[in-house]
Amino acid sequence: MRIDIITVLPELLKSPFEASILKRAIEANLVEVHFHNLRDYTSDRYKSIDDTQFGGGAGMVMMIEPIDKCISALKEQRHYDEVIYMTPDGETLKQGIANQLSLKENIIILCGHYKGVDQRVRDHFITREISIGDYVLSGGELGAAVLCDAIIRLIPGVLGNETSALTDSFQDNLLAPPIYTKPREYKGWKVPELLFSGNFPKIEKWREEQAYLRTKERRPDLLED
Ligand code: ADE
């Protein structure tokens, strides 16, 4: 898989890809991530990427031309399955979206800034608009990092234990059950006895029940879908 991220602040985005699981995935060639600075696609000497709104109003708008130039240059090199725009008014990121996107070959992610982009960018270049939640960030970069992390960990081979992504919270519209490790008892707080029984069907059943109870208590909305 290849991800091309278009941003005015590449330095804000890079560090999540330089540590831990994402770094390993890149080093193992399971994913390529490329950053494109929008200012490299400007044509004036001030390297302008934004301007005031037609019709008046506070806040700057990202101009179509540098974005067109950058996306078109990428599209000349290869086919893209999706051109995603990170924006608070997009569809809210859910595990199902990450699952879908992890199966794609090439995607572009455009990070918005200021008031956002000229509507014509959204009308003519963008195939999918994603928000990471109902709050406004100062730019799309942190959202793009969140989206990339959620996608990349699902690519086969990225997580050590192949099954571990399948047992994450949300994979069956359920939260994950409680988990324990050594020591068996700490300050008198004990691990449920069943987990030492060696009765794996029973343990599995207990985990399913716990996942259900936790979901019912914390996120009943997930059970309605
Ligand atoms: N840009 C600004 N706020 C955002 C959000 N909540 N999700 C994605 N991109 C954003």
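Two strands count as paired if DSSP finds at least two bridges between them, and strands themselves are DSSP runs (E, at least two residues), with helices being runs of H or I of at least four, all numbered from the N terminus. The model here is predicted, so local features need pLDDT of at least 70 and side-chain atom pairs pLDDT 80 or more, while totals for chains, interfaces and linings use all residues. Residues are numbered from 1 along each chain as its sequence is written, and side-chain values use heavy atoms, leaving out hydrogens and water.

**View 1. Strands β5 and β6 side by side.** Strand β5 (residues 82-92) runs parallel to β6 (residues 106-111), and 5 bridges join them.

**View 2. The open sheet.** Here are 5 strands with parallel pairing, in the order β2-β1-β6-β5-β7. At the edges stand β2 (32-37) and β7 (128-131); each has a single partner strand, so one side of each lacks a neighbour in the sheet. On average, neighbouring strands are turned by 30 degrees against each other, direction ignored; the axes are lines fitted to C-alpha atoms (for helices, over the stretch in contact), and angles run from 0 to 180 degrees between N-to-C directions.

**View 3. Helices on the sheet.** Helix α3 (residues 64-77) lies across β1 (2-7), β2, β5 and β6, at about 165 degrees to β1. Helix α6 (residues 141-152) packs on the sheet too, touching β1, β2, β5, β6 and β7, and its direction makes about 155 degrees with that of β6. Contact means heavy atoms within 4.5 Å.

**View 4. The ligand site.** Residues around the ligand (a heavy atom within 4 Å) include Met86, Pro88, Ile130, Ser131 and Val136. Look for the polar contacts, pairs of N or O atoms within 3.5 Å. A backbone N or O atom of tyrosine 135 sits 2.8 Å from a ligand nitrogen. For leucine 137, a polar backbone atom is 3.0 Å from a nitrogen atom of the ligand. Threonine 87 puts a backbone N or O atom 3.3 Å from a ligand nitrogen.

View 5. Lysine 190 lies in strand β9 (residues 189-190). With a relative accessible area of 60%, lysine 190 is exposed (over 50%; buried is under 20%, partly exposed in between, using a 1.4 Å probe and protein chains only). Leaving aside neighbours within four places in sequence, lysine 190 is in contact with Arg184 and Glu185. Tyrosine 180, 10 residues away in sequence, is 9.7 Å from lysine 190, C-alpha to C-alpha.

Notes
A polar contact is a pair of N or O atoms within 3.5 Å; within protein, one must be able to donate a hydrogen and the other to accept it, and residues adjacent in sequence count only if both atoms are side-chain atoms.
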